[in-house]
Amino acid sequence: MPTWSAPRAGREDLDRVAEAMAAARRPLILAGSGVVIADGSDALTALARATGIPVVTSMGGKGSISETDPLAVGGVGRVCPAAGRALYSGPPVGRANTPD
């Protein structure tokens, strides 16, 4: 039976995203279901805290960062609280194709 493994970003991908995040006027992390599937919640939280970049989640990404974390600002998509809507204004740089 085939197994599935999460795709891994290459060094060039990471460099491109880091450059875009550093240049952004209002950086924002959009966490989707891939964070949950890849068990990446700790890494996401560490990235957000190290950079001070706020995190919004899709429905599939709920739980990828604690809702009580000061950098968690709510959701976008089908359920879109005002905080998430106000911060999110376009497609993210490193968006992976996920079903949510």
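The structure is a predicted model, in which local features need pLDDT of at least 70 and side-chain atom pairs count only at pLDDT 80 or more, while totals for chains, interfaces and linings use all residues. Residues are numbered from 1 along each chain as its sequence is written, and side-chain values use heavy atoms, with hydrogens and water left out.

Confidence is given as pLDDT, the predictor's score for each residue from 0 to 100. The mean pLDDT of the protein is 79. A value of 70 or more is reached by 70% of its residues. Helices (H or I, at least four residues) and strands (E, at least two) are DSSP runs, numbered from the N terminus. Helix H3 has the highest confidence, at a mean of 93. Helix H4 (residues 82–87) has the lowest, at a mean of 59. Over residues 95–100 the pLDDT is below 50. Beyond near neighbours in sequence, this stretch still has 11 contacts in the model, where contact means heavy atoms within 4.5 Å. Where pLDDT is low, the predicted coordinates should not be read in detail.

Three strands form an open sheet in the order E1-E2-E3, with parallel pairing. Two strands pair if DSSP finds at least two bridges between them. Strands E1 and E3 (72–75) are the edge strands, and each pairs on one side only. From one strand to the next, the twist averages 25 degrees. Angles run from 0 to 180 degrees between N-to-C directions, and axes are lines fitted to C-alpha atoms, for helices over the stretch in contact. E2 and E3 run parallel and are joined by two bridges. Thr57 stands opposite Gly75 in E3.

H3 lies across E1 and E2. The helix runs at about 165 degrees to E1. Its buried residues are Leu44, Thr45 and Ala48, within a helix that spans residues 41–51. These residues lie on the same side of H3 because they cover an arc of only 95 degrees around the axis. The arc is that of the directions from the helix axis to the C-beta atoms. Buried means under 20% relative accessible area, exposed over 50%, and partly exposed in between (1.4 Å probe, protein chains only). The cover over the buried residues of H3 includes strand E1 (29–31), helix H2 (33–37) and strand E2 (55–57). The face turned away from the buried side carries the exposed residues Asp42, Ala43 and Ala50. Just after H3, Gly52 takes a positive phi of about 75 degrees.

The loop between E2 and E3 holds Ser64. Ser64 is buried, with a relative accessible area of 0%. Leaving aside neighbours within four places in sequence, Ser64 is in contact with Ala31, Val35, Val36, Ser41, Leu44, Thr45 and Thr57. The Ser64 side chain also reaches the backbone oxygen of Gly61 at 2.6 Å. Gly63 lies in the loop between E2 and E3 as well. Gly63, however, counts as exposed, at 52% relative accessibility. The C-alpha atoms of Gly63 and Gly32 are separated by 9.8 Å, and the two residues are 31 apart along the chain.

Asp39 lies in the loop between H2 and H3. Asp39 has a positive phi of about 55 degrees, although it is not a glycine. The residue is exposed, with a relative accessible area of 69%.

Notes
Polar contact = N/O pair within 3.5 Å; in protein donor to acceptor, adjacent residues only side chain to side chain.
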